[in-house]
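Good morning, colleagues. Please turn to the structure on the screen, and I shall take you through one part of the chain.

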Amino acid sequence: MNLLVTGGAGYIGSHTCVELLRAGFEPVVVDNLSNSKMEAIRRVERIAGRKLVFYRADIRDRTAMRDIMARHGTMAVIHFAGLKAVGESVAEPLLYYDNNVAGTISLCGAMADAGVKRMVNIGADMGFEGVVALNEALRRPLEASSDYAEGINAFFDNRKPVFRGK
Ligand SMILES: NC(=O)c1ccc[n+]([C@@H]2O[C@H](COP(=O)([O-])OP(=O)(O)OC[C@H]3O[C@@H](n4cnc5c(N)ncnc54)[C@H](O)[C@@H]3O)[C@@H](O)[C@H]2O)c1
């Protein structure tokens, strides 16, 4: 089965690609390498003993994404691409909304264009208040052990978060 893996050069995406290759899937990776290197792709290939199709592209480029999915007959998308640094997301919220929220919306549009109807979204949570609420609702209250947990707790308490790093 042909799968599109966004953010496949990143930490979780690259490990996932190793397992997908080993399991006989045909993952096609899209990554803009904003937080990763081509070396990760080479290492995935070395570990799995198989070649990986890689495109340096941005999920916000709807035309490119549609064309890649159409070219490879993509059946489903596993979506890891996103920015995830808590401190940076507070300092640069618009960057995070653009990359993670607008990026995911654009990716969904490209999927619709290409007739791809299945997505596994691993949770590019930064900037997605609604998604955080859905994902984390059952796990409340979180122990405030990290700025991430503090951000979620503050969201539910309808107050400004107090980040320890600030
Ligand atoms: N690492 C964790 O413990 C963890 C836990 C829960 C959720 N997540 C979520 O899983 C996702 C992946 O996490 P990770 O730790 O592998 O992060 P990562 O930064 O290692 O990987 C993300 C990849 O996405 C790429 N990317 C970012 N924006 C892109 C864009 N616009 N177009 C194309 N590629 C883009 C980056 O270059 C990078 O290779 C993130 O959304 C993160 O919030 C991570």
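**Helix 1 and the loop that follows**

Let me begin with Gly24, which sits in the loop between helix 1 (11-22) and strand 2 (26-31). Please bear in mind that this is a predicted model. Gly24 comes after helix 1 and has a positive phi, near 95 degrees. Is this residue buried or exposed? Gly24 counts as exposed, because it has 8 C-beta neighbours inside 10 Å, and the cut-off for exposed is 12 or fewer. From C-alpha to C-alpha, Gly24 lies 8.3 Å from Met1, although 23 residues separate the two in sequence.

I turn now to helix 1 itself. Helix 1 has 12 residues, which at 1.5 Å a residue should span 16 Å; the end C-alpha atoms are 17 Å apart, in agreement with that expectation. Which residues of helix 1 are buried? They are Gly13, Ser14, Thr16, Cys17 and Leu20. Viewed down the helix axis, these buried residues fall within an arc of 160 degrees, and therefore they line one face of helix 1. Their packing partners are strand 1 (2-6), strand 2, helix 2 (38-48) and strand 4 (76-79). On the face turned away from the buried side, helix 1 carries the exposed residues Glu19 and Arg22.

Finally, the chain as a whole. It contains 7 helices and 5 strands, in the order β-α-β-α-β-α-β-α-α-β-α-α from the N terminus. Of its 166 residues, 33% count as buried. Considering contacts between residues at least 6 apart in sequence, 65% join residues at least 24 apart.

Notes: Residues numbered from 1 in each chain as written. Predicted model: local features only at pLDDT ≥ 70, side-chain atom pairs only at ≥ 80, totals over all residues. Helix = DSSP H or I, 4+ residues; strand = E, 2+ residues; numbered from the N terminus. Buried ≥ 20, exposed ≤ 12 C-beta atoms within 10 Å, placed from the backbone. Contact = placed C-beta atoms within 7 Å. Expected span 1.5 Å × (residues − 1). Arc of directions from axis to C-beta.
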